[in-house]
Amino acid sequence: MTGVRVNQSPATTGTPTPAGKLGRSPYERLAALGITLPGSPPPIANFLTHVQEGNMLYLSGQGPREADGFMHVGKVGAEVGTEAAYTHAKLTGINLLSVMHEALGDLGRVKRVVKLLGMVNAVPHFVDHPAVINGCSDLLIDVFGEEIGQHARSAVGFGSLPGNITVEIEAIVALRD
């Protein structure tokens, strides 16, 4: 994965935060991972990137778009391997975090990542969809901690995705009052 690095967030203070038992905010965890959140990608059709209803935030599907606009495309299990697709799912998770940040103004408002739907553009005989979508799941747990970041999830294969992207992931997030 290229183009999504370096965060200038403040140093860890070690004080307790709603982000989890490690006492670091999601921004401090992103900095420790060397990740800067890009601007959230614009919708590619007639829909919103997110909808907040009460204390729930529904995030539309995001894909593996680099900060410079480059999209990772191809069939997983053919020209794209599982490891590369895992990296694409992680990048997609970064894009989901960007949408969350822009929608909420502060990732500290996330009470719980409730559910992900991970879609993999795969050949019919591909069977490692969960291993691919782990790229996003692992990132969310790294950023929010297990108590907030661990979630319910579906990881499924599709015959095609928009623009032939390798993965698309949507999320449902519960918010703090």
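How many of the 9 residues of strand 5 (residues 167-175) are buried? In this predicted model, where local features need pLDDT of at least 70, side-chain atom pairs count only at pLDDT 80 or more, and totals for chains, interfaces and linings use all residues, 7 of the 9 are buried, so strand 5 is largely enclosed by the rest of the structure. Residues are numbered from 1 along each chain as its sequence is written, and side-chain values use heavy atoms, with hydrogens and water left out. Buried here means under 20% relative accessible area, exposed means over 50%, and partly exposed lies in between (1.4 Å probe, protein chains only); helices (H or I, at least four residues) and strands (E, at least two) are DSSP runs numbered from the N terminus.

Strand 5 runs antiparallel to strand 2, to which 5 bridges join it, and within this arrangement L57 stands opposite V173 of strand 5. Strand 3 (residues 110-121) is likewise antiparallel to strand 5, with 9 bridges between them, and M119 stands opposite E168 of strand 5. Two strands are taken to pair if DSSP finds at least two bridges between them.

The loop between strand 2 (56-62) and helix 2 (82-104) holds K75. The C-alpha atom of K75 is separated by 9.4 Å from that of V167, although the two residues are 92 apart along the chain. When residues up to four places away in sequence are not counted, K75 touches V80, N121, A122, V123, F158, G159 and S160, a contact meaning heavy atoms within 4.5 Å. The side chains of K75 and N121 are joined by a polar contact of 2.8 Å, that is, a pair of N or O atoms within 3.5 Å in which, within protein, one must be able to donate a hydrogen and the other to accept it, and for which residues adjacent in sequence count only if both atoms are side-chain atoms.

In helix 1, the residues P26, Y27, E28, R29 and L30 are buried, and the buried residues of this helix pack against helix 2 and helix 3 (129-144). G34, which follows helix 1, has a positive phi near 75 degrees.

A positive phi is also found in a residue other than glycine, N164, where the value is near 65 degrees. Most residues other than glycine have a negative phi. N164 lies in the loop between strand 4 (152-158) and strand 5 and is partly exposed, with a relative accessible area of 32%.
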